[in-house]
Amino acid sequence: MQARKKYVLLGLCMCCWLLLYYWGGLQERLLGLITHKRGEVARPWPSWLDRDLLPGYADQAELQNDGGSGDSPRQRRQSWAGIYKDSRCRMDTCFDFARCQGQSGFRVYIYPPEKGERVSESYHKILTSVVESRYYTSDPREACLFVLGIDTLDRDQLSTQFVPNVDERIRGYPLWNDGRNHVIFNLYSGTWPNYTEDLGFNVGQAILAKASLNTEHFRPGFDISIPLFSKEHPQKGGERGWLVRNTVPPRRKYLLMFKGKRYLTGIGSDTRNALHHIHNGKDIVSLTTCRHGKDWEKHKDTRCDHDNQEYERFDYQELLHNSTFCLVPRGRRLGSFRFLESLQAACIPVLLSNGWELPFSDVIQWNQAVIEGDERLLLQVPSTVRAVGIDRVLALRQRTQMLWEAYFSSVDKIVLTTLEIIKDRVYSHISRNKFMWNALPGGLLVLPEYSTHLAHYPFYYLNLGISPGQEFTAVIHATSPLVSQSQPIMKLLQVVSKSKYCSQIIILWNSEKPPPHRSKWPPMPVPLIITDGRRKGSIQTSSRFLPHAAIETEAVLSLDEDTVLLTSEIDFAFHVWRSFPERIVGYPPRSHFWDPVKKAWGYTSKWTNEYSIVLTGAAFYHRYYHHLFSHYLPSSLRALVDRTSNCEDILMNFLVSSVTNLPPIKVAQRKQYKEMPTLQVSFCPSIESGTKTAPWVNPEHFTQRQECVSTFASWFGYMPLVHSQFRLDPVLFKDHVSVLRKRYKDLERV
């Protein structure tokens, strides 16, 4: 009896299993036939680990749909396919590398605007950035890359800045070639109600530098996602980030904040309509208002009045300054102005914009600066941000500042970052790595033509745990004819060559007369190289900072021909530089100031306890700055230096401070000080006049330097010089102890 029951139960189980297999398989085959007839692919049942396919949620295409549009996901996919006909474009298939291999290298050409052509303020800034960059060319035959003169930033057909008939116009360009080697800038695409990514013309094989790019349409390694920025975004420089160094505690008054528009209908409304659920009015402030647009009262819901009243209670800037995390939900499009505002404020962005390809995602590691949320899991955001530890909060906030100041604080930086990314793709064998893009001072200030090795750059020594070399090259700038063996340069050669750290001496000859033969110079214990710094027979002051191939050491000691130093002074300054290899270390200090009457920057040589410039007439710095000076700075600034035979030292200080965001370092010296009030000039204690009349005796010399400071600040877009009262002295310097205990006792002799 018991055995019969077992067999019956076993038979029933087998029948059930067969029925499930038969009907399940039959339904799957029927579903396959139906979808095959429709030309669709059946979607498999999602895994519980795949959050993008969780049951009960729309797929990515459906999330882009406005509920009232009536278009099916299939219709939208077909329309996107029409927009992105060259969706398979990559650099090796849609870019002509041959145009970039000539002597001209990487050059960018802008099509001239047509008569009466008007461009928006933002597009004018983009074009200006390209023209003022070191890559611009006015000759299309030299160009590797082309930029349209037609304003393509706003492709919303309802916008007053929409430019019609772009397709017809670009096809008339003889160099268009279906967009190959072209880059198209765009901030706004599509229009109400769907706001698709349709630009209204066929981009062909052009590179899209576009805001609010969707990951589905982004062509990896080809397109470039850029941030959405307002027309008020500065052309150059931009404001510094708001994070004060070593801010403690890292958490602020509010944990999480958002204040912005709420859309009652249409795309983007689902996310913003739900933001009120996380608002508690204490440490989480999430405020929305529907008071925007012409007809908002016609469409307002029951929550509008209460939301508007709560919205007015808080000031946006106060929230931004005092919040640890900032919500950055999508708007009508995937990008938002709040993204850049949060970065600048060191308010860690919490992104709620599914499918957004983040700006410059090819090179920036955004997981070190933002928290990426999910629009469908909004209620989990508060617990997520509460779980972030203090150490990570501080690290995230510091990274927001690095990225803001390196790539996003101005239109100039956004455009140059775009061009540099394309250039790295074209010349991939000499390109920056991810570390260079994501570490200070940022990829724009790292020129891979100099080197692709991190250990060759002074600002990476600390990260790599290495120290610079133990030798230096002295570069003496000679401007006076050699007429006597008693000239100051002869004594300077003897002093410098006695240093045990001196590897070689280079005399950069910049005199009107040709350089004397080597036999005219005294014998030296180190190699002596005479280099002609003149170009076509004319004196070039900027040539003292050319990247001379003869410089083999990391450290460079820059000297004027009439500098008077002791060997011990040189040795001590070199020891200091090895601890601060990314900065200028030297003796003669100067300073800048803001003149509120003239509303301009000024320059002073008065001897005070505060300085922001160390003159390169006697200073150490890294040889990489020679490469930056010659290849990063525009030719117009170097031409100014050559035209006036002045200000090259100030320009080098501007450059180094813009890289480090730090002041130079002044070291102890023998004090022989003299000041001429009429000229406001202080003679450096280590510099004396030689055979030529000292340049600072000329009244125009000081006036020129005043003008240089303002000109340089204008090009940088801000004042990079940093004031300091820091001076490094040897141990026991000026202490009342036996001189036998002092290593650099000669420094105290007058």
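Good morning. Gly-149 is buried, with a relative accessible area of 5%, where buried means under 20% relative accessible area, exposed means over 50%, and partly exposed lies in between, using a 1.4 Å probe and protein chains only. Before I continue, please note that this is a predicted model, in which local features need pLDDT of at least 70, side-chain atom pairs count only at pLDDT 80 or more, and totals for chains, interfaces and linings use all residues. Residues are numbered from 1 along each chain as its sequence is written, and side-chain values use heavy atoms, with hydrogens and water left out.

Let me stay with Gly-149. Gly-149 sits in the loop between β2 (145-147) and α6 (166-171); helices (H or I, at least four residues) and strands (E, at least two) are DSSP runs, numbered from the N terminus. Which residues does Gly-149 touch, not counting those up to four places away in sequence? They are Ile-110, Tyr-111, Glu-117, Val-119 and Tyr-123, a contact being heavy atoms within 4.5 Å. The C-alpha atoms of Gly-149 and Arg-118 are 9.8 Å apart, although 31 residues separate the two along the chain.

I turn now to the chain as a whole. It has 22 helices and 23 strands. Of its 750 residues, 53% are buried. Among contacts between residues at least 6 apart in sequence, 73% join residues at least 24 apart. The chain exposes about 35900 Å², of which carbon and sulfur atoms supply 53%; accessible areas come from the Shrake-Rupley method with a 1.4 Å probe, and for residues only the protein chains shown count as cover.

Next, the sheets. Two strands pair if DSSP finds at least two bridges between them. Within this sheet, 3 bridges join β6 (residues 254-261) to β8 (residues 323-329), and Tyr-254 has Ser-323 in β8 as its bridge partner.

Elsewhere, strand β11 (residues 472-478) runs parallel to β12, and 7 bridges join them. Ala-474 has Ile-505 in β12 as its bridge partner. Is strand β12 (residues 502-509) mostly covered or mostly open? It is mostly covered, with 7 of its 8 residues buried.

His-548 is found between β13 (528-532) and β14 (555-560). His-548 is buried, at a relative accessible area of 15%. Leaving aside neighbours within four places in sequence, His-548 is in contact with Leu-508, Thr-531 and Ser-543.

In helix α21 (residues 648-660), 13 of 13 residues are buried. At 1.5 Å a residue, its 13 residues should span 18 Å, and the end C-alpha atoms are 19 Å apart, which agrees; the expected span is 1.5 Å times one less than the number of residues. Just after α21, Asn-661 takes a positive phi of about 60 degrees.

Helix α1 (residues 2-38) contains Leu-10. Leu-10 counts as exposed, at 51% relative accessibility. Together with Tyr-7 and Met-14, Leu-10 makes a nonpolar surface patch of about 380 Å². An α-helix has 3.6 residues a turn, so residues three or four places apart point the same way. Thank you.

Notes
Patches are made of residues with over 30% relative accessible area and no salt bridge: like charges are joined within 9 Å, nonpolar side chains (Val, Leu, Ile, Met, Phe, Trp, Tyr) within 5 Å. A salt bridge is a side-chain nitrogen of Lys or Arg within 4 Å of a carboxyl oxygen of Asp or Glu.
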